[in-house]
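Subject: Model handover and notes

Hello,

Here is the model for your files, followed by notes on what turned up in it. Please read the notes with the structure open.

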Amino acid sequence: MNKISIISLIFLFSLYCKSDYEKIEVVYEDQKGQLVQAIYHNPADENAIFFVTLKFTDGSLITLNQGMAASGVRYTDEKTLVWWTKAE
């Protein structure tokens, strides 16, 4: 098998394979300069669970599942924590 055939085969295989989810990382800063990193996990299957992992400067992590929202996107632990995002 020559080099071009191998490259073509790898390219065709990469088209067939797709990621199970998209991961988007965003860093937010509040008015006091504290940073929170939000990692949004958006699955390719719309019936799967969308969730966000929040990383704080002290190293703690919180994972929240997407909940119902009338506007924007709401993530919650269904108890006390809520994380909202909304496009401008």
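Which residues of E6 are on the covered face, and which on the uncovered one? Trp 83 and Thr 85 make up the covered face of E6, while Val 82 and Trp 84 make up the uncovered one. In general, side chains in a regular strand alternate between the two faces of the sheet.

Some conventions before the rest. The model is predicted, so local features need pLDDT of at least 70 and side-chain atom pairs count only at pLDDT 80 or more, whereas totals for chains, interfaces and linings use all residues. Residues are numbered from 1 along each chain as its sequence is written, and side-chain values use heavy atoms, with hydrogens and water left out.

Overall layout

The protein has 1 helix and 6 strands, in the sequence pattern α-β-β-β-β-β-β. Helices (H or I, at least four residues) and strands (E, at least two) are DSSP runs, numbered from the N terminus. Of the 88 residues, 19% count as buried; buried means under 20% relative accessible area, exposed over 50%, and partly exposed in between, with a 1.4 Å probe and protein chains only. Among contacts with a separation of 6 or more, 12% are between residues 24 or more positions apart, where contact means heavy atoms within 4.5 Å.

The sheet

The 6 strands form an open sheet in the order E1-E2-E3-E4-E5-E6, with antiparallel pairing. Two strands pair if DSSP finds at least two bridges between them. Strand E1 (21–29) and strand E6 (82–85) are the edges, each pairing on one side only. Neighbouring strands of this sheet are turned by 25° against each other on average, direction ignored; the axes are lines fitted to C-alpha atoms, for helices over the stretch in contact, and angles run from 0 to 180 degrees between N-to-C directions.

Two of the pairings in detail. E3 (residues 51–56) and E4 (residues 61–67) are antiparallel over 5 bridges, with Lys 55 opposite Leu 61 in E4. E5 (residues 73–76) and E6 are also antiparallel, joined by 4 bridges, and Thr 76 stands opposite Val 82 in E6. The hairpin of E5 and E6 has 5 residues between the strands, and Glu 78 there takes a positive phi near 65°.

Aromatic pairs

The count is 2 aromatic pairs. Rings of Phe, Tyr and Trp (its six-membered ring) pair if their centres lie within 6.5 Å; planes under 30 degrees apart count as stacked, over 60 as edge-to-face and the rest as tilted. Tyr 28 and Trp 83 are edge-to-face, because their ring centres are 5.5 Å apart and their planes are at 70°. Tyr 28 is in E1 and Trp 83 in E6, so this pair ties together parts that are 55 residues apart in sequence. Tyr 28 is partly exposed at 31% relative accessibility, whereas Trp 83 is buried at 18%.

Tyr 40 and Tyr 75 form a tilted pair, with 5.7 Å centre to centre and 50° between the planes. Tyr 40 belongs to E2 (residues 35–43) and Tyr 75 to E5, so the pair ties together parts 35 residues apart in sequence. Both Tyr 40 and Tyr 75 are buried.

The largest nonpolar core has 8 residues: Val 36, Ala 38, Tyr 40, Val 52, Leu 54, Leu 64, Tyr 75 and Trp 83. Such a core is a set of buried Ala, Val, Leu, Ile, Met, Phe, Trp, Tyr and Cys residues joined through side-chain atoms within 4.5 Å. E2 supplies the largest share, 3 residues, and E2 and E3 each supply at least two. Beyond its neighbours within four places in sequence, Leu 54 is in contact with residues including Val 36, Ala 38, Leu 64 and Trp 83.

Thr 53 lies in E3 and is buried, at 11% relative accessibility. The Thr 53 side chain makes a polar contact of 3.4 Å with that of His 41 and one of 3.4 Å with that of Thr 63. A polar contact is a pair of N or O atoms within 3.5 Å; within protein, one must be able to donate a hydrogen and the other to accept it, and residues adjacent in sequence count only if both atoms are side-chain atoms.

Regards
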